[in-house]
Amino acid sequence: MQITGKITHVGPVTSGTSSNGNTWNKFQAVITETEGEYPKSLSFEVFNDKIAVQIGEQCTIHFETKAKEWNGKWFTNINAWRKEGGKSQAAPAPVQTPA
């Protein structure tokens, strides 16, 4: 799946350690369509520096959706795995905020 638009938000990086001891990091971003009468926004996550995004850049984000159950409730994750266009394809550099 994919969406084309403008990056309107990039959140801080969070990190942790998985149950098997691997470390991970992620950040959340929002892309807003710039075409059409009723633009839509999509919030997505980027894990382990797969792509870089910057506020204001116009690009296409490729993503996958995953649903998982936890304690009888279902949650949907939207994970970006590729970016086309924009300013950079390198690892992201969002500002980390103190925990």
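Colleague: Among contacts between residues at least 6 apart in sequence, what share join residues at least 24 apart?
Modeller: That share is 53%. Contact here means heavy atoms within 4.5 Å. Before we go on, this is a predicted model, where local features need pLDDT of at least 70 and side-chain atom pairs count only at pLDDT 80 or more, while totals for chains, interfaces and linings use all residues. Residues are numbered from 1 along each chain as its sequence is written, and side-chain values use heavy atoms, with hydrogens and water left out.

Colleague: Good to know. How many helices and strands are there?
Modeller: Zero helices and six strands, so the pattern along the sequence reads β-β-β-β-β-β, with both kinds of element taken as DSSP runs numbered from the N terminus (helices: H or I, at least four residues; strands: E, at least two).

Colleague: And how much of the protein is buried?
Modeller: Of the 99 residues, 30% are buried. Buried is under 20% relative accessible area, exposed is over 50%, and partly exposed is in between, with a 1.4 Å probe and protein chains only.

Colleague: Let's pick a residue. Is Thr-32 buried or exposed?
Modeller: Thr-32 counts as buried because its relative accessibility is 17%. Thr-32 belongs to strand S3, which covers residues 23-32. Leaving out residues up to four places away in sequence, Thr-32 touches Gly-5, Lys-6, Thr-8, Pro-39, Lys-40 and Ser-41.

Colleague: What about His-9, where does that sit?
Modeller: His-9 is in strand S1, residues 2-10. With a relative accessible area of 37%, His-9 is partly exposed. Beyond its neighbours within four places in sequence, His-9 contacts Gln-28, Ala-29, Val-30 and Ile-55.

Colleague: Switching topic: which residues line the largest pocket?
Modeller: The lining is Lys-26, Glu-45, Val-46, Phe-47, Lys-50, Glu-64, Lys-66, Lys-68, Asn-77, Asn-79, Ala-80 and Trp-81. A pocket is an open set of points on a 1 Å grid over the protein atoms alone, where a 1.4 Å probe fits, with protein on both sides within 12 Å along at least five of seven lines; lining residues have an atom within 4 Å of a point.

Colleague: Which strand gives the most to that lining?
Modeller: S6 does, with four residues. Strands S4 (41-47), S5 (58-70) and S6 (73-85) each supply at least two.

Colleague: Last one: what is the average pLDDT?
Modeller: It averages 89, and 87% of the residues score at least 70. Over residues 88-93 the pLDDT is below 50, though this stretch has 13 contacts in the model beyond near neighbours in sequence. pLDDT is the predictor's confidence in each residue, from 0 to 100. Where it is low, the predicted coordinates should not be read in detail.
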